[in-house]
Amino acid sequence: MSDPYLVVVGDPHGRVAELCRQIAEQHPTASAVIFLGDLTLDQPLTDAISELPDSMEVAFIPGNHDYDRPDYYDYMMASGRAVNLDGVVVTMGGMRLAGLGGHFQGKIWYPPEPPRFQSREVYEASLGPVKKSGVPDTWREGTPLRVLGAIWSEDVDRLAQESADILFSHEAPSTHRHGFEELDRVASCLGVSRLVHGHQHESYEAFIGDGLLVIGLGLAEIRAVTICPLCSAAR
């Protein structure tokens, strides 16, 4: 591939180190590698990505299964050089990359229904009676681990005020039968030309409206995506 490009990886489910070896062999000139969640690591992320060339930038968003067990979460957060894209916009390879990890949960927010909790602060206040007996060691940041992996409306609203070139999400937008129009809205607010997602383990391409290209990645799929917005969107 002659044009500058980055590599995106569909849900690895425990295969991060193996996939990094493949990327190092097959895409040594990629400017960056982005993981779309569900890493489910058996070692710290910084070790799992150690075989990638030092020249490659690395980023990830958490998936729902990364909150299934404390060790999955702790290994993911031991990220070293890898940047957590969840809820932020970061410049890599000359492009502004936005990320939205986690998944929608009925107890917090499941669009198109309105949020049951507008913020983490409100939710955490509701946990007061539980915390009186001590915080379980399976919790993180003062919150049950699985709930920590929810998509929160306050994060989405803040992200929607930014601008970016590509949005990476774990959940799917409306182009997938199990997707959410809320992701369409966020992409529109960001002004992105592409939205790349995982979670559903289906490889496809579709369009929202006249120009927003959606790329869904299959299980552990490795996809090279051109950086130049005017170039072919994916190869």
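Tutor: The largest nonpolar core has 28 residues, and Ile108, Leu167 and Leu190 have the most contacts inside it. A nonpolar core here is a set of buried Ala, Val, Leu, Ile, Met, Phe, Trp, Tyr and Cys residues joined through side-chain atoms within 4.5 Å; buried means under 20% relative accessible area, exposed over 50%, and partly exposed in between, with a 1.4 Å probe and protein chains only. This is a predicted model, in which local features need pLDDT of at least 70 and side-chain atom pairs count only at pLDDT 80 or more, while totals for chains, interfaces and linings use all residues. Residues are numbered from 1 along each chain as its sequence is written, and side-chain values use heavy atoms, with hydrogens and water left out.

At least two residues of this core come from each of strand E6 (95–100), helix H7 (153–159), helix H8 (181–190), strand E9 (204–208) and strand E10 (212–216). Helices (H or I, at least four residues) and strands (E, at least two) are DSSP runs, numbered from the N terminus. H8 gives the most to the core, with four residues. Apart from this core lies another, of 27 residues, including Leu39, Ala48, Tyr73 and Leu148.

Leaving out residues up to four places away in sequence, Leu167 touches Ala98, Gly99 and Leu100, then Leu159, then Leu183, Val186, Ala187 and Leu190, and finally Val192, Arg194, Leu195 and Val196. Contact means heavy atoms within 4.5 Å.

Now the sheet. Six strands form an open sheet in the order E5-E6-E7-E8-E10-E9, with mixed pairing; two strands pair if DSSP finds at least two bridges between them. Its edge strands are E5 (89–92) and E9, each of which pairs on one side only. On average, neighbouring strands of this sheet are turned by 25° against each other, direction ignored. The axes are lines fitted to C-alpha atoms, for helices over the stretch in contact, and angles run from 0 to 180 degrees between N-to-C directions.

Strand E7 (residues 166–169) and E8 run parallel and are joined by four bridges, with isoleucine 166 having arginine 194 as its bridge partner in E8. On E8 (residues 194–197), Arg194 and Val196 point one way and Leu195 and His197 the other, and all of these are buried. E8 is also parallel to E10, again through four bridges; here histidine 197 stands opposite glycine 216 of E10. E9 and E10, by contrast, run antiparallel and share five bridges, and alanine 206 stands opposite valine 214 in E10.

H8 packs on the sheet and touches E5, E6, E7, E8, E9 and E10, its direction making about 150° with that of E7. Together, E7, H8 and E8 make a right-handed β-α-β unit: with the strands pointing away from the viewer, the path from the first strand over the helix to the second runs clockwise.

As for cysteines, the structure holds zero disulfides, a disulfide being a pair of cysteine sulfur atoms within 2.5 Å. Cysteine 189 is partly exposed, at 37% relative accessible area, whereas cysteine 20 is buried, at 0%.
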